Amino acid sequence: MRIILIGPPGAGKGTQCQRLAGLLGVPHLSTGEMLRAAVREGTPAGVQAARYMSQGQLVPDPLIVGMVSARLQEPDCRGGCLLDGFPRTLPQAATLDDLLERRAISVDGVIELAVPRDELVRRMLARGRADDDPDIFARRIMSFEEQTAPLLDYYARQGKLASVDGLGNADEIFARVTRAIERFARRARQPEQ
Ligand code: ADP
């Protein structure tokens, strides 16, 4: 299955994707992790990305699209994958649809992890990543609201969106996420309904 998780910074996408990857036996593709690895390794893409990431801004679409399209062509993605942090803009979503369509495959479902802003701030303060400075974090929330939230409507129109309450402990949220995946799987078996 090809599943996308969408949620604001601190919503818990990474945690849920790690568990789901184990359950579904497909790789977890986190663009945040890919970019942080590129920054650590000092690759040209990493050097370019670091300027945006440290400011809480999205990196330019061509940079991230290049990385993801290369990764999606690796053999372990043949049976599906979990996309965490991509797509994050409407142009990225359209590019992903094109990339998959050329291989006669598509996204099976999109899960929104919904978490109110005050809870996101609380989690960010507890986590303490380098780009988790309060001002930068506020900018990341803003870029989510302005650039990524429109994707919810994009996928809802395709009938692919499931919104999941991201409040509670990781086990409770995982139970909700797996129920959404089961609905996607049923729909994939009965596409006419
Ligand atoms: P979070 O969702 O907690 O903000 P991520 O680890 O997913 O964190 O991403 C960290 C940073 O990496 C983002 O703030 C952004 O700068 C960059 N990034 C990750 N994915 C994308 C993407 N698809 N498009 C543009 N920038 C991205």
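Biologist: What volume does the second largest pocket have?

Modeller: The structure here is a predicted model, and every value that follows is computed from it. Its second largest pocket is lined by R36, V39, A50, M53, S54, R129, A130, D131 and I136, and the elements that give two or more residues to that lining are α2 and α3. The volume of the second largest pocket is about 190 Å³.

Biologist: Which element gives the most to the lining of the largest pocket?

Modeller: The largest pocket has a volume of about 730 Å³, and of the 38 residues that line it, the closest to its centre are K13, G32, R36, R88 and R129. Two or more residues each come from β1 (2-6), α1 (13-24), β2 (28-30), α2 and α7 (134-148). The element that gives the most to this lining, with 5 residues, is α2.

Biologist: Into what numbers of nonpolar, polar and charged residues does the lining of the largest pocket divide?

Modeller: Among the residues closest to the centre of this pocket are K13, R36, R88 and R129, and both Lys and Arg count as charged. G32 also belongs to those closest to the centre, and Gly is placed with the polar residues. Over the whole lining of the largest pocket, the division is 13 nonpolar, 16 polar and 9 charged.

Biologist: At what angle do the axes of α2 and α3 cross?

Modeller: Two packed helices are described by the angle between their axes and the distance between the axes. For α2 (residues 31-41) and α3 (residues 44-53), the axes come within 8 Å of each other, and the crossing is left-handed. The angle at which these axes cross is roughly 115°.

Biologist: Is R140 buried or exposed?

Modeller: R140 has its place in helix α7, and, not counting residues up to four places away in sequence, it touches P9, G56, R127, R129, D131 and D132. Its relative accessible area is 11%, and the cut-off for this class is under 20%. R140 is therefore buried.

Biologist: Which residues is A180 in contact with, leaving aside its neighbours within four places in sequence?

Modeller: A180 lies in helix α9 (residues 170-189), and because its relative accessibility is 0%, A180 counts as buried. The C-alpha atoms of A180 and S163 are 8.4 Å apart in space, although the two residues are 17 residues apart in sequence. With those sequence neighbours left aside, the contacts of A180 are I111, A162 and V164.

Biologist: Is L23 buried or exposed?

Modeller: L23 lies in helix α1, and beyond its neighbours within four places in sequence it is in contact with F174 and T178. The C-alpha atoms of L23 and I3, which are 20 residues apart along the chain, are separated by 13 Å. Because its relative accessible area is 53%, L23 is exposed.

Biologist: What is the omega of the peptide bond from F86 to P87?

Modeller: P87 lies in the loop between β3 (81-84) and α5 (90-101). The peptide bond that leads from F86 to P87 is cis, with omega near -5°.

Methods:
Residues numbered from 1 in each chain as written. Predicted model: local features only at pLDDT ≥ 70, side-chain atom pairs only at ≥ 80, totals over all residues. Heavy atoms only, no water. Axes fitted to C-alpha atoms, helices over the stretch in contact; angles between N-to-C directions. Helix = DSSP H or I, 4+ residues; strand = E, 2+ residues; numbered from the N terminus. Left-handed = near helix turned anticlockwise from the far one by under 90°. 1 Å grid on protein atoms, 1.4 Å probe; cavity = no way out; pocket = protein on both sides within 12 Å on 5 of 7 lines; lining within 4 Å. Points joined across faces, edges and corners; volume = space filled by probe spheres on them. Buried < 20%, exposed > 50% of the residue type's maximum accessible area, 1.4 Å probe, protein only. Contact = heavy atoms within 4.5 Å.
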